[in-house]
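Hi,

Here is the structure I promised to pass on. Have a look at it first, and then read my notes below.

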Amino acid sequence: MRKDVRILLVGEPKVGKTSLIMSLVSEEFPDEVPLRAEEITIPADVTPERVPTHIVDYSEAEQSDEQLYQEISKANVICIVYSVNNKKSIEKVTSHWIPLINDRTDKDSRVPLILVGNKSDLVEHSSMETILPIMNQYQDIETCVECSAKNLKNISELFYYAQKAVLHPTGPLYCPEEKELKPSCIKALTRIFKISDLDNDGTLNDSELNFFQRTCFNTPLAPQALEDVKNVVRRNMMDGVKDNGLTLKGFLFLHTLFIQRGRHETTWTVLRRFGYDDDLELTQEYLFPLIKIPPDCTTELNHNAYLFLQSVFDKHDKDRDCALSPEEVKDLFKVFPYMPWGPDVNNTVCTNEQGWLTYQGYLSQWTLTTYLDVQRSLEYLGYLGYSIIYEQESQAAAITVTRNKRIDLQKKQTQRSVFRCNVLGARGSGKSGFLQAFLGRNLQRQRRIREEHKSFYAISTTYVYGQEKYLLLHEVMPDIDFLTETDLACDVVCLVYDVNNPRSFEYCAKVYKQYFIDSKTPCVVIAAKSDLHEVRQHYSLSPHDFCRKHKLHPPQPFTCSTNEAPSKDIYTRLTTMAMYPHMAQADLKNSTFWLRASVGATVFAVLGFAMYRALLKQR
């Protein structure tokens, strides 16, 4: 909502502009009226809307046209004052004042107007018959108020309506000619309805309506009040209530009714609670709350965030197959202004045989986004309504910023859950195959991936000593002279070479010596395509001798040319090295260490799958 409101009073001389302001301030009619009142500011705590309000007077006798134009450009709302007993002042509203104001304001952001008929104490009749056609002709006119500065009639109401016209404008919400909500308002309210429909059955049941009411207005509805609301909808439309729940049509009808009855502040309260600004766009403050990320720290989702994302998955997994079909994914993202996930996502995380996102794959993609681009993750959580559903100040409450990596190394332990492995190797060495094998895809399945849908990331879970962790693999472009800090910043490095290509290992050796020889980042050499005949590498040292010389673990044979899903042992080893980098040069060369990590991973993978199945049964 606006931080303050600026009200400008204009009109012909002697219509009572200054008297209205002085009557409001002193609560009595002034004996002597100056040509113009000084600008006054009403503090927030004495206004109904709790917003500081500036009231500005205009005097033709004291001010130039240029000064008037400046005041018009600064005003949030303009009151055009006329005298109810002066026909000429009424005519000037349309012949002079409205055209003048329109000429001085931008067509797309017209300032709201209020017609003020002063001196109602001097006549017995109302000016409304004359004014109504004017109000119908000009959409910018919010309302008309008849008042008397002398009798103090409707003075405070006049300034309340002026405030309301700024803070709760009708223009963005409703089209009076069509007598219906504007498309942008329907779009915003539809998103709000979908977020509030917690079970995604297309209606708001009593529990959901109460949650919505408490969220927006801090008070639940009594059972009778709930029934009264639904009865109003039932009386006015056929399909507004279904199975005793409010449908989207019924929800939109209620807001139309509020606006038609002059209660548009109710609709604005709802819109602002769900993050909308005066133009019915989600605010930057809502979508991108401030979050500080010091250097060498990473970003992860916390427990509450995963619970929320699980509930979003459950809400849209209508056939309960623990995967999201393309239609279910589309439905999930209906609350977004665009489709955030492209076809590459299906090649970044685990999918089922049909290529649909599994529950694990879905959470993995969220984990990846939060790690690589936390601002985007905050934006996405904002569209889904995380802070509203979980009653948090902002979706920044969903993010854990990990401690500096140097502290992890000093303490020889980490609290992180996501570890990054950069995969380097010459072109054609098998890097892409290595990434896809992590997602359980053998060579046969990998050949179905279209080139334009290829991903340079793969993320999934591994188990190290019974702890579930995420391993994020990133395939780095093989231009050795242009590796950036991002290409090098990671928790563990994979150097991949093709055992069947004599020139493949040279790249790994050069990259290691140029970038990682003095680094504290653990490195592993992967002998890819190990199902093929191993040829002698055209390098001064064989891969085994190179590893021995530089105190690296021997090259790890790897192939994804298998009938079943490729082995995941190597990925567990990589995660273990990332978690315990201080042991990389010592214990990790000890084969029993590898064995313990792998066996632990296998046991907990089996246990994890059993628990997951049990959870699914409960769901």
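This is a predicted model: local features need pLDDT of at least 70, side-chain atom pairs count only at pLDDT 80 or more; totals for chains, interfaces and linings use all residues.

Let me start with the largest cavity, whose lining residues divide into five nonpolar, three polar and four charged.

Residues are numbered from 1 along each chain as its sequence is written, and side-chain values use heavy atoms, with hydrogens and water left out.

Back to the cavity. Its volume is about 70 Å³, and the lining includes Lys405, Asp408, Leu409, Phe419, Ala578 and His582. α17 (405-411) gives the largest share of that lining, three residues, and both α17 and α23 (569-579) supply at least two residues each. Helices here are DSSP runs (H or I, at least four residues), as are strands (E, at least two), numbered from the N terminus. The count of cavities of 30 Å³ or more comes to three. A cavity is a set of points, on a 1 Å grid over the protein atoms alone, where a 1.4 Å probe fits but cannot get out; a pocket is an open set with protein on both sides within 12 Å along at least five of seven lines; lining residues have an atom within 4 Å of a point. Grid points are joined across faces, edges and corners, and a volume is the space filled by probe spheres set on the points.

Next, the second largest pocket. About 1400 Å³ of space lies in it, and 42 residues line it, with Gln139, Glu142, Pro169, Thr170 and Gly171 nearest its centre. Two or more lining residues come from each of α2 (65-74), α4 (128-137), β6 (141-146), α5 (155-167) and α9 (248-260). Of these, α5 provides the largest share, four residues. By type, the pocket lining holds 16 nonpolar, twelve polar and 14 charged residues. Domain 1 (5-167) and domain 2 (180-281) each contribute at least three residues to the lining of this pocket; the bounds come from an automatic or database domain assignment.

Two side-chain pairs deserve a look. Lysine 194 is in helix α6 (residues 183-196), and its side chain makes a polar contact with the side chain of aspartate 331 (3.1 Å). A polar contact is a pair of N or O atoms within 3.5 Å; within protein, one must be able to donate a hydrogen and the other to accept it, and residues adjacent in sequence count only if both atoms are side-chain atoms. At 16% relative accessibility lysine 194 counts as buried, where buried means under 20% relative accessible area, exposed over 50%, and partly exposed in between (1.4 Å probe, protein chains only). Threonine 351 sits in the loop between α13 (326-332) and β14 (357-358); it is buried too, at 12%, and its side chain makes a polar contact with that of arginine 441 (3.0 Å).

Isoleucine 7, in strand β1 (residues 5-11), is 68 residues from alanine 75 in sequence, but their C-alpha atoms are 5.9 Å apart. Valine 111, in the loop between α3 (87-103) and β5 (113-118), is 36 residues from alanine 75 in sequence and 7.5 Å away, C-alpha to C-alpha. Both partners are buried: isoleucine 7 has a relative accessible area of 0% and valine 111 one of 8%.

On the backbone, which residues other than glycine have a positive phi? Leucine 280 is one, with phi near 60°, and aspartate 296 is another, at about 65°.

Finally, the UniProt record (unreviewed entry) has "domain: EF-hand" over residues 304-339, a stretch that is 56% helix and 6% strand in the model. UniProt positions are given in the numbering used here, feature names are shortened, and annotations may be inferred rather than shown by experiment.

Cheers

Note on methods: Ala, Val, Leu, Ile, Met, Phe, Trp, Tyr, Cys and Pro count as nonpolar, Asp, Glu, Lys and Arg as charged, and the others, Gly among them, as polar.
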